[in-house]
Amino acid sequence: MIPSTLRITLILAVLCYFIIILYFLKNKALNLKYTFLWLLAGIVMGLLVIFPKLLVRIIRILGITSNMNGLFIICIAFVLMILMSLTSIVSRQNGKIRSLIQEIGILEKRIRELEEKKD
Amino acid sequence: MEEKKIKVLIIIPAYNESESIEGVVRHLTSRTSKYDYLIVNDGSTDHTLRICKEAGFSYLDLPINLGIGGAVQAGYVYAHKNAYDIAVQMDGDGQHDIAYLEDMLRPILSDEADIVIGSRFLKKEGFQSSHTRRIGIGILSFLIRLTTGKRIMDVTSGFRAVNRRFIEIYAKDYPTDYPEPEAIVTAIMHRGRVMEVPVRMRARESGTSSITMRKSVYYMIKVTLAILICRLSYGFRRAGR
């Protein structure tokens with residue numbers, strides 16, 4: 001089992017985590033769309049800390065023998081998932097920026113031609 | 001019978017080509033006046049833009065550097081918006097000779113091909129590139145043959161002509177970093193008829209290739225992956241002839 005002092009630390013950490021997310025959301029520094037994965041990760045972490053038996057059972061099912069290792073592996077899995085989604089967001093934005101730059105170039109040419117015609 | 005006038009746009013991507021761009025365009029306009037051309041200044045840091053302005057060339061000015069793929073695509077987007085029938089892309093460094101333009105347009109006009117690639121290896125004339133580079137091109141050519149079943153010799157040639165249908169496809173979907181080989185796969189996956197036409201190329205007038213020796217290993221790995229992913233992303237759709 002997880003020692004109770006560690007459990008208290010972890011509960012506080014999860015609370016901090018939620019406060020930071022809510023703070024960002026309140027200040028509109030995060031789009032809700034991109035926050036779902038973070039919130040999901042927080043809820044799972046919270047559940048696992050509050051109900052450590054659940055954690056132990058999941059860890060056994062996964063074939064991990066040490067509880068602490070299990071906790072780390074679950075955390076790392078979430079971090080990887082979030083990173084992957086970030087990369088996909090960046091890639092998509094990259095495509096959008098490319099289209100915008102091309103569009104600006106085409107509009108600039110059109111404006112130039114219209115102004116030349118006017119003179 | 002009066003022939004319907006076809007609109008052809010020659011796209012010339014230019015990134016820091018201040019030394020050669022004027023010569024290329026002057027040569028082009030002296031040879032053919034019936035076709036439009038469009039320089040795409042890809043956020044150059046030298047005087048490319050000033051030269052285009054002062055000479056009164058037709059140009060697009062991209063505010064930020066996009067790389068060759070994005071610049072060429074800007075030309076295709078422009079061609080699509082202005083309802084061109086054929087778009088031709090050629091490099092701004094003087095490698096490609098406009099004298100072959102008619103040879104490249106012919107298969108498209110007679111509807112034998114959707115995409116025509118100017119190939120320096122079909123007749124093995126003119127500048128043939130270095131030995132190591134030819135090996136690299138051979139490997140990529142083999143890879144494209146393996147994944148699509150289509151044999152293309154000069155897969156990195158940036159001298160191409162495409163018809164209206166592929167102007168639209170490329171305006172929407174054109175690869176980025178080192179786009180030439182990947183664009184061939186994209187074309188074949190859209191059941192495009194790709195044809196090679198022999199051309200002579202010159203050694204570049206100025207500037208360096210976008211592919212230096214140091215980058216060439218990265219280039220090979222990247223393009224190999226890109227071809228495989230491009231092939232996969234179109235699923236099991238069968239390649240056209």
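A close look at chain A

Tutor: Where chain A meets chain B, the contact takes eight residues from chain A and twelve from chain B (two residues are in contact if their C-beta atoms, placed from the backbone, lie within 7 Å). The side of chain A that touches chain B has three nonpolar, two polar and three charged residues (Ala, Val, Leu, Ile, Met, Phe, Trp, Tyr, Cys and Pro are nonpolar, Asp, Glu, Lys and Arg charged, the others, Gly among them, polar). This is a predicted model, in which local features need pLDDT of at least 70 and side-chain atom pairs count only at pLDDT 80 or more, while totals for chains, interfaces and linings use all residues. Residues are numbered from 1 along each chain as its sequence is written, and chains are lettered from A and ligands numbered from 1 in the order in which they are written.

Chain A itself has four helices and zero strands, its elements running α-α-α-α from the N terminus on (helices are DSSP runs of H or I with at least four residues, strands runs of E with at least two, numbered from the N terminus). Helix 3 of chain A, residues 52-62, packs against helix 4 of chain A, residues 67-118, at an angle of about 85 degrees, with the axes 10 Å apart (axes are lines fitted to C-alpha atoms, for helices over the stretch in contact, and angles run from 0 to 180 degrees between N-to-C directions). Helix 3 and helix 4 of chain A are therefore roughly perpendicular to each other (65 to 115 degrees). Helix 3 of chain A brings L55(A), V56(A), I59(A) and L62(A) to this contact, and helix 4 of chain A brings N67(A), G70(A) and L71(A); by class, five of these residues are nonpolar, two polar and none charged.

As for overall form, chain A has a radius of gyration of 24 Å, whereas a compact globule of 119 residues would have one near 14 Å (taken over C-alpha atoms; the globule rule is 2.2 Å times the number of residues to the power 0.38). Along the principal axes, the C-alpha atoms of chain A fill a box of roughly 80 × 30 × 15 Å. Of the 119 residues of chain A, 12% count as buried (20 or more other C-beta atoms within 10 Å of the residue's own, all placed from the backbone). Among the contacts in chain A with a separation of 6 or more, 50% join residues 24 or more positions apart.

Key
Angles under 35 degrees count as roughly parallel, over 145 as roughly antiparallel, 65 to 115 as roughly perpendicular and the rest as oblique.
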